[in-house]
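Welcome, and please get your viewer ready.

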Amino acid sequence: MSAPLFSVLGPLVVRGPNDAVVPDFGRMQTRLLAGLLLNSDRPWTAEQLIDLLWDDDDDTANMQALQAHVSRLRAKLRRALGDLVVLEHTSQGYRLLRPADSLDLERFRRLRGGDLTELGQACALWRGNCLSNLPSSVRTELGAPRLDQERLEAVRAYAAATRAAGDPAAGLGQLETVVAANPLDEPTHAELMISLAAAGRQAEAHATFAAIRERLGEELGVDPGPQLVAAHQRVLTAYEVTAEPSWQGIRPPVTTLIGRENALATLSELLTDGRLITITGPGGAGKTSLALHGLHTYAEDTGIAVVALAMSSLASKQELVSALAATLEVSAPSQEALLVRIRAVFDKRRAVLLLDNAEHLLEPVIELIDDLLRSCPGLTVLTTSQQALRMPGEQAWPLPPLPLPSPDDEHSPTIELFRTRAREADRTVDLSDVAAIARICRRVDGLPLALELAAARVRALSVSQIADRLSGDLSLLGPGLRTGDPRHRQLYATIAWSYDLLDPTEQSVLDQISVFRGGFSPEAAEFVVDVPTDVLNVLIELIDKSLVVVYDDGPNRRYRLLSTVREFAAGKLVERGIELEVLRRHFDWRHRKAMELDAMTEFLVRVREARAYTPYLADNVEMIRFGIAQGRYPEVIEMILALLDVWMVHPGYTSQAFEWLTELEPHLPMCSTQTRVLALSYRAEFASGLIGLLEVLPMQERAWEAAREAPDAELGADRKNGILNSLIRLNNRMLRPTPDEQIAELLALSATHDGDNGWSAQRLVALAWLARGQYEELLAFLLNPHTHRSASRGWLGDYYGISGLCHIALGAEQRAYPHVDRLRSLVGQTNSPLGTLGEINRLASLLLAMGQPDEALTAMESLAAKLPGTISDVDRFGILQIPCAESLRRTGQLKLALESLRTAFRAGNGTQYYEPQVSGVLLTAAIAHNLGDRDNAQRLSGLWTTIAENCNLAVPVQFRDVARLLDIDEMPHTAGSAWDPRKIQESIDLAEAWVVDELS
């Protein structure tokens, strides 16, 4: 049977035709929908709905506001359910037209009158109190309390029917659920007592009577009523009390266990297959809750007895034996006699013994377990401990925290746990901010205890406020519940318990590794930690005691601390008075690792290592700030520069690096020549993605002036080449003519080596000459074997594309055809979106230059599929839209060509990346000419000609058809001495304005 579209038997839920839950409707629409559903036998007048939605003194209540909410609800229902549901407004009022049996309340009432199976199905439809996500005043007005009573009556009827059918246990689940929700309802408690006794659980039946009798006296000041007393008498007289209780000792928590379904299944398997199981894990991971809930299910499924002993308050073997004997309700005059009695109890039956929190009494626990397992073949022992017992036959099972959610993963078990506990603390809390809840979950490392403590704070703070406060420290997670183990009422008390069990050396190591905010390697710990023993062996002990987490990082293993443990240990480090000393060693380690990364000569190896820096980013940032505060400016600057690749492959960090280098600029005279020059150059590189290129240009020129003046012995040709590369690359993007002497200097520097800066320089020279139209000189340069070897290192796509364009420009079109095939085979092999984009652009340009616009369009459309993302994700400057526009223009699709140009201009707005945009000006003039707008065609072509003369530009080979159409000289008339970015931008803006006007 498919789920109903509307569910009111619990929180109000709406499901689509595919059973997917429709997201929250908002407070007012939820009230409105609830009213339309619960009183669907009559229309609602506008006045009645206003009374339902607003309080009497609410000034916002009026007909217009009601109509707005009705309209929003109608739209949401239409989007989710289509034509299945109609919110109708007639002269009589508002009503909801929906399919029959689409409301769970209807199904409940229909099934309730059926046979035993259908009655059970009716009870199972309830998920809590009716409309439990609405305020009590609204629930009362809609009659929800009366419906809750219908549920109680149905559950009691089902329990009586299952007893009559000889299966009293079948109705217990429903009875226990409603009793927990109605702790003072006497008739339902009476039914529960009778069913428990009939199922052979007389001890629990008596306990149920005692519990409600106590609650009635404390909360209402009354004694149990006649129905309850009669039920108790029936239990006493009609059912025989069993001699051996099925559960003794601490009971499972009344709260549900969330997010541990797989763990419960694993625990059941371990209990079935083994005799000694230890659940290990950090404090607050939920070991006790898992053990108790798992044992409860296991005992119900198997009938095996459970004895559960809490050990946190025990201090010796004598106390351990005495506490176990008291739980089993046996006594004897001596410890040895007690052990004999305990063995006798377990020897007579199959049972599971739970020893909870065994880590502080490991030796006594090991002795007791060894004794009992040898003497009692039907006994299984389950322990919870922060470290394994290391006994023969032990199955040690580590329980990690709950998995961390992504920011939008609202179905994560971690988020579900927080939401459930938050609703238990405050039923009216707003839990719609999934991203904030995810932040909380990640901040506390998914520890269930920490999540429950954080959730309890919704009584005083919103979810976003809790997330913001936890972003600092964890002091917000103070005292929690008033019941349960005292250690579990406060997070730091739990960690302090674990910490106090460590020896002094282990405590010292834990304190010192707290300076690592992210992951750390064994070598890092050995460098930073100062103790008179082997650090790695101590780390292994801390791992065994669940205080250090191990994770795989490629072929190696790394360590980290849970944030809760790290903050506690950091506080202890401050108390020791050695924090500054440890931080200095940590700074030295991070500086050393940065310099090792910078020393790697292979670019791809450096990038791979830089990507692997993710776990250490927080530590690098922290140590840079520490170094600045300590005045260690040269080392900090070296560190920032050495981590260039790290900043580049981790989005968002380039802006941080730019800010640091700006802040540290006054301290550059303290640095070596190489560090000082590279700091100027890298600052300009970082700035290019943050501020306008016109502002970056003087930074790049200053860096080149400093590099040019530096002796080769102090800077090196490769570094100089890289800095001049950056300047000329910026010139090319902004159409600023590069002086011939700088190009000659770049070629001379690049000829000295074959590294990354060498091939990049060769490419930049080729691009500069192509833009100028120096085709003969360029072709000779490209045919040089050294240039071809350089291209194979990183710019083969540009090499073939530029070579083909040169051949066409010089009248040898046939020689360009092989380059088309080579380009087709290259596209997508670089694994770089921008590299692939450039290859597609070159291929399309070649096809256009050959007079094949249809082929160019087909190539762009088919090969763009190789981009890891859509074109709009990677085509930040509209590069590919330019050949697309020309291909469309030549095939007569002028409207689409204009659309491409508009996209190109918009993509380039604010970038000051003039190279593709100026080509757009030329194409705009051509389209104006095609449309018969000769005045604007002449005006726009004049703008292009002026830019070409001022910037020493030739008409791109692929746009020669445009030049012939507009009667424009393909080569510039001047040497490009009047570069004016303001005029370039004005021309681009005018072309864009004409395109926009024409499209509108």
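On this tour, two residues are in contact when they have heavy atoms within 4.5 Å. Please keep in mind that this is a predicted model.

**The whole chain**

Begin with everything selected, in cartoon view. You will find 49 helices and 12 strands in the protein chain. The radius of gyration is 38 Å, well over the 30 Å that the globule rule gives for 1000 residues, so the chain is more spread out than a compact globule. Turn the model along its principal axes, and the C-alpha atoms fill a box of roughly 115 × 90 × 55 Å.

Now switch to a surface. Of the 1000 residues, 52% are buried.

**Helix 12 and helix 13**

Next, select residues 261-273, which form helix 12, and residues 287-302, which form helix 13. At what angle do the two axes cross? They come within 10 Å and cross at roughly 65°, and the crossing of helix 12 and helix 13 is right-handed.

Show side chains for the residues that meet here. On helix 12, pick Ala263, Leu264, Leu267, Ser268, Leu271 and Thr272; on helix 13, pick Leu290, Ala291, His293, Gly294, Leu295 and Tyr298. Colour this contact of helix 12 with helix 13 by class and you get eight nonpolar residues, four polar ones and no charged ones.

**Helix 8 and helix 9**

For another pair, go to helix 8 (residues 172-181) and helix 9 (residues 186-198), whose axes come within 10 Å and cross at roughly 145°. Is the crossing of helix 8 and helix 9 left-handed or right-handed? It is left-handed.

Helix 8 brings Leu172, Leu175, Glu176, Val178 and Val179 to the contact, while helix 9 brings Thr188, His189, Glu191, Leu192, Ser195 and Leu196. With the class colouring still on, the contact of helix 8 with helix 9 shows six nonpolar, three polar and two charged residues.

**Valine 345**

Move on to helix 15, residues 335-347, and centre on valine 345. This valine 345 counts as buried because its relative accessibility is 14%, and the cut-off for buried is under 20%. Which residues does valine 345 touch, leaving out those up to four places away in sequence? They are Leu328 and Val330. Try the distance tool on valine 345 and leucine 328: they are 17 residues apart in sequence, and their C-alpha atoms are 7.9 Å apart in space.

**Two positive phi angles**

Finish with a pair of loop residues. Select arginine 390, in the loop between strand 9 (379-384) and strand 10 (395-398). Although it is not a glycine, arginine 390 has a positive phi of about 60°. Its relative accessible area is 53%, so arginine 390 is exposed, the cut-off for exposed being over 50%.

Then jump to asparagine 952, in the loop between helix 47 (934-951) and helix 48 (960-966). Here again is a residue that is not a glycine, and asparagine 952 has a positive phi of about 60°. Is asparagine 952 buried or exposed? With a relative accessible area of 15%, asparagine 952 is buried.

Terms used. Residues numbered from 1 in each chain as written. Predicted model: local features only at pLDDT ≥ 70, side-chain atom pairs only at ≥ 80, totals over all residues. Heavy atoms only, no water. Axes fitted to C-alpha atoms, helices over the stretch in contact; angles between N-to-C directions. Helix = DSSP H or I, 4+ residues; strand = E, 2+ residues; numbered from the N terminus. Left-handed = near helix turned anticlockwise from the far one by under 90°. Nonpolar A, V, L, I, M, F, W, Y, C, P; charged D, E, K, R; others polar. Rg over C-alpha atoms; globule rule 2.2 N^0.38 Å. Buried < 20%, exposed > 50% of the residue type's maximum accessible area, 1.4 Å probe, protein only.
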